[in-house]
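Here are some notes for someone opening this structure for the first time.

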Amino acid sequence: MGISLSRRRPNNHHHPQNPSSQLSSSYPTDQPSSSSSTPNYVFAANAPYSYSHPPQNSYPHPPAPPLPPQYYQYNTCGVGMNNRLNFYPPSYYYGSQNNNNNGWHGIRPPPMVSQTPVVPVPYVDHQMAKKIRNDVNVHKDTIKIEADEENMEGLLVSLTLDALVDGSITIIYFAKEGVDCSFTPLYPDARMLVRVPFQKGLGQKFRQPSGTGVDLGFFELDDLSKPSPGEDVFPLVILAEACLPLPLSDEQFDHPRPATSNAQITQAIIEKNSAGAFQAKVIKQILWVDGVRYELREIYGIGKSSETSFDDSDPGKECVICMSEPKDTAVLPCRHMCMCSECAKELRLQTNKCPICRQPIEELIEIRVNKVDQ
Amino acid sequence: MANSNLPRRIIKETQRLLSEPAPGISASPSEENMRYFNVMILGPSQSPYEGGVFKLELFLPEEYPMAAPKLGRICLDILKDKWSPALQIRTVLLSIQALLSAPNPDDPLSENIAKHWKANETEAVETAKEWTHLYASGE
């Protein structure tokens with residue numbers, strides 16, 4: 001409803017749409033079911049290229065814990081900013097505007113026509129990323145559904161997380177997202193919702209206690225393997241909350257999430273692999289920080305630039321244009337981090353196409369990865 | 001003179017081309033003008049051009065990398081409207097090498113040869129082999 005192909009034309013940006021207000025204010029999220037709500041996106045600074053992240057075969061011994069993640073906030077300036085333009089999706093991608101029911105799921109835009117006459121390069125916003133802090137981070141590639149040795153019917157969720165504070169993990173099967181990041185189990189069965197506290201610590205392994213698992217054989221594979229059409233219900237939702245668990249009651253989940261209760265929410269589907277075992281596949285991650293809901297996105301190429309300090313001889317970290325400065329600017333909506341800010345400014349005077357994928361540039365976002373402002 | 005104000009990118013690309021050349025490709029800058037490269041591409045094995053050495057001249061215009069390198073008459077989209085500043089001398093030369101492995105008679109430089117190729121590929125491939133031997137055997 002709020003989105004149409006025509007909204008994506010870059011000529012929306014002929015005029016600066018008061019970019020300063022986009023930068024300074026982060027508007028609280030509306031009710032998710034409202035199609036006019038504006039999603040906020042954040043980009044994970046430590047997101048690696050999908051191919052540079054080998055599967056962790058030796059799973060019970062995860063690699064050395066990474067630094068706690070930093071996120072960069074990006075407030076979209078309107079519904080015209082959507083994320084379905086990804087011509088080169090990674091093996092997973094987060095593809096959804098929040099809860100729109102307009103049947104857009106999976107539709108790709110038409111291919112670019114190369115004969116498009118050259119028009120004056122439209123204005124694009126060039127803005128600075130703002131950091132927000134996330135206290136709890138579930139590594140989305142580590143989420144597994146494992147057999148419970150003591151109760152073969154029950155399946156247990158395990159994962160690796162970084163926590164800067166004590167908190168709790170809540171596992172909900174078929175959870176519906178409501179107002180202000182509240183999640184309610186769709187089926188009123190106690191087993192559909194399990195909450196377990198954790199202590200702070202980086203790279204810690206979490207596993208749902210034995211005996212609390214769910215027999216997924218009870219469900220149709222078809223229901224497990226996709227979200228509801230409006231993407232408000234996901235077969236598996238993992239809430240990682242940065243606070244101690246309050247007494248658990250069903251009522252509590254019907255209430256909006258308090259602004260003070262920061263959380264990271266992982267929404268996943270469940271599939272069967274070739275060996276017939278269930279596996280979770282993360283579709284979306286959401287941050288709830290200081291009362292604002294953000295959808296977490298990856299930026300392609302940022303992992304390389306954030307690993308360590310800039311090394312002049314590493315082609316992965318340098319701006320693809322000058323090959324001299326570290327890259328610090330990402331292109332939106334395609335999310336290719338590939339340029340330094342100077343070259344990005346130069347580029348946008350000459351073309352509106354992303355150097356990596358040639359998709360039209362709508363906005364540029366400068367992300368200073370290595371500058372830590374405490 | 002022409003070399004005094006060379007952008008860092010061109011220096012880096014040149015260094016990398018010389019220190020880690022792509023297989024079957026050599027590109028060396030001219031001493032008088034570092035924007036001018038002498039290029040040699042070996043005919044890919046299992047192509048009609050196998051055994052041939054194909055010499056090219058490549059020139060980096062002032063606007064490079066915002067504009068594509070200049071490379072004689074080669075019909076390749078990335079040298080025209082599909083140029084991107086993320087491409088490099090190396091990637092351009094690799095694309096040309098790939099074009100030798102898979103000629104594209106639907107987008108030809110020479111209409112006649114493309115017609116021949118489409119009408120009788122076996123014969124056209126024979127001609128390509130002959131000409132490779134005659135004109136590109138590295139003598």
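This is a predicted model: local features need pLDDT of at least 70, side-chain atom pairs count only at pLDDT 80 or more; totals for chains, interfaces and linings use all residues.

1. Residues are numbered from 1 along each chain as its sequence is written, chains are lettered from A and ligands numbered from 1 in the order in which they are written, and side-chain values use heavy atoms, with hydrogens and water left out.

2. Chain A has 5 helices and 18 strands; helices (H or I, at least four residues) and strands (E, at least two) are DSSP runs, numbered from the N terminus. Of its 374 residues, 52% are buried, meaning under 20% relative accessible area, with exposed over 50% and partly exposed in between (1.4 Å probe, protein chains only). Take the chain A contacts (heavy atoms within 4.5 Å) with a separation of 6 or more: 71% of them join residues 24 or more positions apart.

3. Look for Glu146(A), whose bridge partner in β7(A) is Leu156(A).

4. Now the rings. A pair of aromatic rings is described by the distance of the centres and the angle of the planes. Rings of Phe, Tyr and Trp (its six-membered ring) pair if their centres lie within 6.5 Å; planes under 30 degrees apart are stacked, over 60 edge-to-face and the rest tilted. The count by this rule is 6 aromatic pairs over all chains. Why is the pair Phe218(A) and Phe219(A) edge-to-face? Their ring centres are 5.4 Å apart and the planes stand at 80°, so the pair falls in that class. Phe218(A) is exposed at 68% relative accessibility, whereas Phe219(A) is buried at 12%. Together with Phe174(A) and Tyr187(A), these two form one aromatic cluster.

5. Over in chain B, the planes of Tyr64(B) and Trp83(B) are at 40° with ring centres 6.0 Å apart, so this pair is tilted. Both residues sit in the loop between β3 (53-59) and α2 (89-101) of chain B, so the pair ties together parts 19 residues apart in sequence. Buried or exposed? Both Tyr64(B) and Trp83(B) are buried.

6. Chain B also has an open sheet of 3 strands, ordered β1-β2-β3 with antiparallel pairing. At the edges are β1 (25-29) and β3 of chain B, each with a single partner strand, so one side of each has no neighbour in the sheet. β1(B) is joined by 5 bridges to β2 (residues 36-42) of chain B, and Pro29(B) stands opposite Phe37(B) in β2(B).

7. Last stop: helices α3 (residues 111-119) and α4 (residues 121-135) of chain B. Their axes come within 5 Å and cross at roughly 130°; axes are lines fitted to C-alpha atoms, for helices over the stretch in contact, and angles run from 0 to 180 degrees between N-to-C directions. The two helices are therefore oblique to each other (under 35 degrees is roughly parallel, over 145 roughly antiparallel, 65 to 115 roughly perpendicular, the rest oblique). Residues making the contact include Trp117(B) of α3(B) and Trp131(B) of α4(B).

Terms used
Two strands pair if DSSP finds at least two bridges between them.
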